[in-house]
Amino acid sequence: MIDNIYLKSPIITERLCIKKITADELLLIRAETNYDETNKMTCRPIIKREGNELVEFYNHIIKKENNLIFSIWRKQDEELVGKVSFNDYNPRNKSMELGYYMIPRFRKYGYMREALTSLLDILFKEMELNKIYAQTASFNIESIQLLEKMGFKKDGTLRNHHEHNEKFYDDHIFSILNKEWNNCSQPASY
């Protein structure tokens, strides 16, 4: 059932093409990403992998049955700009965790909001999810602002949950419910 969402791709928006990600695309995103930045943005341990070990790891996460991972391409020049993942599908609770990453040089153009608007629309309609939730560090102001602009509500705080540079920060949990998504009017412009 979850893989049926990939049948909707490529998803074409005003400026983007969104499709099922490949290991090669994950490698391209990694090549554009500083390890310290990746490590900063997640509270989960990051294991440094290289070569075949990294490719095997990427192929493993792409094939997980309860995950959806999409690459985001800019239509005008076919540049890979980022990725969106929906993880840990819970059929009982009808929920998934949202993750996203935009290559730094493509930030502040509204691409992630445009991609998320299309993807959330599809997931809420096609999978009839009840909730999509996200976890972000308290210092990640851009991520918090994006979630709030998308209509996500802050559910709570995981206190001192996120270590960065030997200091602990809070992580915030945000979510949006199907009924909230469908009742709010999504803006035409991004």
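I count two strands as paired if DSSP finds at least two bridges between them. Helices (H or I, at least four residues) and strands (E, at least two) are DSSP runs, numbered from the N terminus.

This is a predicted model: local features need pLDDT of at least 70, side-chain atom pairs count only at pLDDT 80 or more, and totals for chains, interfaces and linings use all residues. Residues are numbered from 1 along each chain as its sequence is written, and side-chain values use heavy atoms, with hydrogens and water left out.

**Strand 3**

I looked up the partners of strand 3. Strand 4 (residues 79-90) pairs with strand 3 in the antiparallel sense, over 7 bridges. There, Val-84 is the bridge partner of Phe-70. Ile-18 stands opposite Ile-72.

Is strand 3 buried or exposed? I used these cut-offs: buried is under 20% relative accessible area, exposed is over 50%, and partly exposed is in between (1.4 Å probe, protein chains only). In strand 3 (residues 68-74), 7 of the 7 residues are buried, so the rest of the structure largely encloses it. In a regular strand, side chains alternate between the two faces of the sheet. Leu-68, Phe-70, Ile-72 and Arg-74 are buried on one side, and Ile-69, Ser-71 and Trp-73 on the other.

**Helix 5**

I checked helix 5 (residues 141-149) next. Ser-143, Ile-144, Leu-146 and Leu-147 are buried there. Gly-151 follows helix 5, with a positive phi near 100°.

**Aromatic rings**

I paired rings of Phe, Tyr and Trp (its six-membered ring) if their centres lie within 6.5 Å; planes under 30 degrees apart count as stacked, over 60 as edge-to-face and the rest as tilted. The count comes to 6 aromatic pairs. Phe-57 and Tyr-58 have ring centres 6.0 Å apart and planes at 45°, so this pair is tilted. Phe-57 is partly exposed at 29% relative accessibility, while Tyr-58 is buried at 10%. Ring pairs also link Tyr-6, Phe-70 and Phe-86 into a cluster.
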